[in-house]
Amino acid sequence: MDSKKLQAYELIQERDLSGIKAKGTLLRHKKSGARIALIENDDDNKVFSIAFRTPPEDSTGLPHILEHSVLCGSKEFPAKDPFVELVKGSLNTFLNAMTYPDKTVYPIASCNDQDFQNLMHVYMDAVFYPNIYESDKTFRQEGWSYELEDPDGELKYNGVVYNEMKGAFSSPDGVLDRMILNSLFPDTSYSNESGGDPDAIPSLTYEDFLNFHRKYYHPSNSYIYLYGDMDMEEKLQWLDEKYLSRFEKAEIDSEIRLQKPFNEPVEWKRYYSIAANESEEMNTYLSYNKVIGTSLDEKLYLAFSILDYALLSAPGAPLKKALTDAGIGHDILGSYDNGIYQPTFSVIAKNAEESQKEEFVRVIESTLEKIVKEGIDPDALTAGINYHEFRYREADFGSYPKGLMYGLQMFDSWLYDEESPFLHIEALDTFAFLKEQISTSYYEDLIQKYLLDNTHASIVMICPKKGLTAEADQKLHQKLQDYKAGLSREEVEKLVQDTKDLRAYQEEPTPPEILEKIPVLKVSDISEDIAPIYNEEQKAGDVPCICHPIDTNGIGYLTLIFDLRTLSEKEIPYAGLLQAVLGIIDTEHYEYGKLFNEINRRTGGIETSLEMYTDVTKVKEKEFRPTFEIKTKAMYGQLPFALSMMEEILMRSVLTDEKRIKEILDMLKSRLQMKFLSAGHSSAVLRAMSYSSPLARFKDMTNGIEYYETVSRIADHFEEEKDRLMEMLQTISRKVFRKDRMIVSYTGEPESKEPVLQEIEKFSGCLHTEEVEESGFQLACAKKNEGFQTSSKVQYVAMAGNFIDAGAEYHGALQILKVIMGYEYLWQNIRVKGGAYGCMSSFNKLGEGYFVSYRDPHLKNTLEIYQGVTEYLRNFDVSDRDMTKFIIGTISNMDQPMTPATKGDRSMNLYMNHVTEEMIRKERLEVLRATQQDIRNLADIVEKVLQADQICVIGNEDKIEQEKEIFTEVKALF
Ligand SMILES: [Zn+2]
């Protein structure tokens, strides 16, 4: 970079980032002091982000509330919610903002040049010139405010972040993570909660809020990042002229300080709430936590990821095994957090007893001592290194843009050393170093130094207590009523007026001339072409093999798919258990820990899952094809080995190992509970859907609430249930793992295909052939409308139904409805006004439609809002510009960039569901050409979903009890 145009910047560093095939540049903006890092390569999915170092000074959640608020309007884009406008109307592939314990990051990504520039412009303006100074309304909406409807009403707190954090503090896992961090760093900003503790949030003042922005949101405290295939000079020039050059360099103390190590470990004990009928027994979380150097040591940074794998995370890893064998906890997890200045390494036992604390520590330390003395299993280390290196080279982050993930990882060093943004991005040398150390005492020395001899440590315990949520609610209620009682008549009336004003502000539509300042693409900018489908029907002997010829960088992605339609209804829940057990139980040739390491030593892993497909041309029949799938990814040369390991898992697992099966059941139960608490919306939707859809019922039986009921019944009555269970697992294996039940999906370069087909043909010879009785299932569905009570502070409120059953037909415009709902009607009513963290809806080709809220303080009110959708749609009338935005937002959801693996998976899915290119093209055109009348016509479809009136709610026990007339049945979830 030598152009005269860039005189505003000082070049600090240029690096060849060969590990990720890119060039890295580090710059400093001379006038303002802004730090800038560039990663240039040919990736079309471009990323921009600006971040600030924001150490929280208390637990009021200031950085988090500010993160939300700056996106609510700025100087050039004064609309109330430019962020939402962009989500609706841009082609972004990522658009969000995130608050971390020491930084706040504003990233955007897009493949479209103009769109990328627009997004960057809105974000730069938002962070430097937000409208938060003009009035306190944004602060009160996003942070906290008093809410009082009328002078005699009940005084409450409301606020988006306030409610979000109430939800986040509801899960014991969330509480534990925070306590671990807080306990280890009492003298630094890590002792504070950057997201906000709901008890502390209402002590934040508007003035402090503004001062925090004045202090930290300055270029001198900023980190700007550009990634991908673009004209970097042009972007840098724009940044300089438009924003950075308007600021003078400033001294800003935002340094993240080092915590002085402890002389001895500290102990913390805290409580979390459980529901009235949950047991306090075996419900304590124990954690053993150590501080591991600093994240500026790139070897240590990765070495402890490897140790986490080898000691704890891999099934059968020695610490996990020792604790399980000692009967401490039903689920043992490792956690290594290297996204902060001083990384932390934790051993966590869930579902343990408080009285086991000493034993917990003793087992961990004696196991580690033994490992140091006898040496750590080299196969486990090799497997751990390969596991991480495979992922580093593959760089498949699912739906997250690659550039975003690199950008976030850069902060692990850049935030603490401004000369080192690329430290962890260039990891090949470190991997090579770590491999060489396997034969030395390197890893044993690390265990001795950082785990055994290290006194900068804590033991944190989170114990269950009944009624804690209700107690806290009562206390808060009392506090607020006392506060109100102390107010004068005028002061009370002012609160009522403020509440009204805020609501009026929220309801007032933004004038069109203000909205129009936010740039929008034209529908004609969007291609009518659909993403290519890669399906080639081949045969491996008699086995159908669908190949997806795609450039994959030498990696083969292989999935074996087995049809489950021959199972009987009573066998279905056991298919879920079989899927859970395979791969983490002994086989004839391998103890399960060895099996796992052997696989990870030479491949990118083997996973199993249950999937479901429907023939979209025969939706009314409600037939579907459930499958058991086992998939692997590996370099081509390792595919035969991967297949041999799949054979080992499917055909030679020891399904009679009582002790191991019981351990897996306990772990499953614990993990399902966690899922219901942290992501209850998907379980609630599935359950509501299962009242009319056999497919959803199948999913619920193998992965939802009905599955949980099966798992806990067997785990809790293991002696009576075990024989039947083991017999079922074997019967199902024999019925399912058969050549005549199998179809294969393979993604890889064309030239890799032939040898794979040959290997599959060989493999298929090993499968079961004996005659089995085939019953076939018919799943009955019945409307149950259940309320599932938990100790959570919030609800997940789902409503579902089938519009095809009720005589309507699918239309592509339903995809637009998702965007309109998510960012207009539901967003306005459930999030902005109702204070829920999120709300979603979906309508698919099977006729299934649903609405669901996420971390929602309401219940009945939310259901009423769903009922209002029809009315809203009948009166749907927006500007052409808004309509264009909705269409673009929809296309942006449909056109997310895909990794090679996703391209293959998508193609296979279309094949299995009988979706043709014509159907996708038709849907795309229906979206692109949709009119407002098309949207109004959707009212009839939505009405049919709502008329089905299938309701399921997971949430706070008292709230559900209060609204019990809504439900046919109310019961405890756990
Ligand atoms: Zn948030």
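Ala 395 sits in the loop that links helix H12 (378-394) to helix H13 (402-414). In this predicted model, Ala 395 has a positive phi of about 50 degrees although it is not a glycine. Is Ala 395 buried or exposed? Ala 395 is buried, with a relative accessible area of 9%.

Asn 553 also deserves a look: it is not a glycine, yet its phi is positive, at about 65 degrees. Asn 553 belongs to the loop between strand E17 (543-549) and strand E18 (555-563). With a relative accessibility of 57%, Asn 553 counts as exposed.

Now to some helix packing. The table sets out two pairs.

| Helix pair | Angle | Axis separation |
|---|---|---|
| H10 (residues 318-325) and H11 (residues 357-374) | about 140 degrees | 10 Å |
| H20 (residues 592-602) and H21 (residues 639-652) | about 160 degrees | 10 Å |

With helix H10 and helix H11 packing at an angle of about 140 degrees, H10 is oblique to H11. The crossing of these two helices, H10 and H11, is right-handed. On the H10 side, the contact is made by Pro 318, Leu 319, Ala 322 and Leu 323, while H11 brings Phe 360, Val 363, Ile 364, Thr 367, Leu 368 and Ile 371. Sorted by class, the contact of H10 with H11 has nine nonpolar residues, one polar residue and no charged residues.

For the other pair, H20 and H21 pack at an angle of about 160 degrees, and that makes H20 roughly antiparallel to H21. The crossing of H20 and H21 is left-handed. From H20, Leu 595, Glu 598, Ile 599 and Arg 602 meet Phe 641, Met 645, Glu 648 and Ile 649 of H21. Which classes make up this contact of H20 with H21? There are five nonpolar and three charged residues, and no polar ones.

### A mostly covered helix

Helix H15 (residues 442-452) is mostly covered, since eight of its eleven residues are buried. The buried residues of H15 are Tyr 442, Tyr 443, Glu 444, Leu 446, Ile 447, Tyr 450, Leu 451 and Leu 452. What covers them includes strand E12 (284-291), strand E14 (344-352), helix H9 (298-313) and helix H14 (428-436), together with H11 and H12.

### A sheet from E16 to E21

Six strands form an open sheet with mixed pairing, in the order E16-E17-E21-E18-E20-E19. Its edge strands are E16 (536-540) and E19 (606-613), each of which pairs on one side only. On average, neighbouring strands of this sheet are turned by 25 degrees against each other, direction ignored.

Five bridges join E16 and E17, which pair in the antiparallel sense. Glu 537 stands opposite Ile 546 in E17. Helix H27 (residues 753-764) lies across E16, E17, E18 and strand E21 (742-748), and runs at about 45 degrees to E16.

### A sheet from E22 to E27

Another open sheet of six strands has the order E24-E25-E23-E26-E22-E27, again with mixed pairing. Strand E24 (838-843) and strand E27 (969-972) stand at its edges with a single partner strand each, so one side of each is left without a neighbour in the sheet. From one strand to the next, the twist averages 10 degrees.

Inside this sheet, strand E22 (residues 786-790) and strand E26 (residues 950-956) run parallel and are joined by five bridges. Gly 787 has Val 953 as its bridge partner in E26.

Helix H22 (residues 658-678) lies across E22, strand E23 (795-802), strand E25 (848-854) and E26, running at about 90 degrees to E23. Helix H34 (residues 932-948) packs on the sheet and touches E23, E24, E25 and E26, and its direction makes about 115 degrees with that of E23.

Finally, Ala 51 is found in strand E4 (residues 46-53). Its relative accessibility is 0%, and Ala 51 counts as buried. Leaving aside neighbours within four places in sequence, Ala 51 is in contact with Thr 104, Val 105, Asn 221, Ser 222, Tyr 223 and Phe 411. Between the C-alpha atoms of Ala 51 and Leu 859, which are 808 residues apart along the chain, the separation is 37 Å.

Methods:
Residues numbered from 1 in each chain as written. Predicted model: local features only at pLDDT ≥ 70, side-chain atom pairs only at ≥ 80, totals over all residues. Heavy atoms only, no water. Axes fitted to C-alpha atoms, helices over the stretch in contact; angles between N-to-C directions. Helix = DSSP H or I, 4+ residues; strand = E, 2+ residues; numbered from the N terminus. Parallel < 35°, antiparallel > 145°, perpendicular 65-115°, else oblique. Left-handed = near helix turned anticlockwise from the far one by under 90°. Contact = heavy atoms within 4.5 Å. Nonpolar A, V, L, I, M, F, W, Y, C, P; charged D, E, K, R; others polar. Buried < 20%, exposed > 50% of the residue type's maximum accessible area, 1.4 Å probe, protein only. Pairing = 2+ DSSP bridges.
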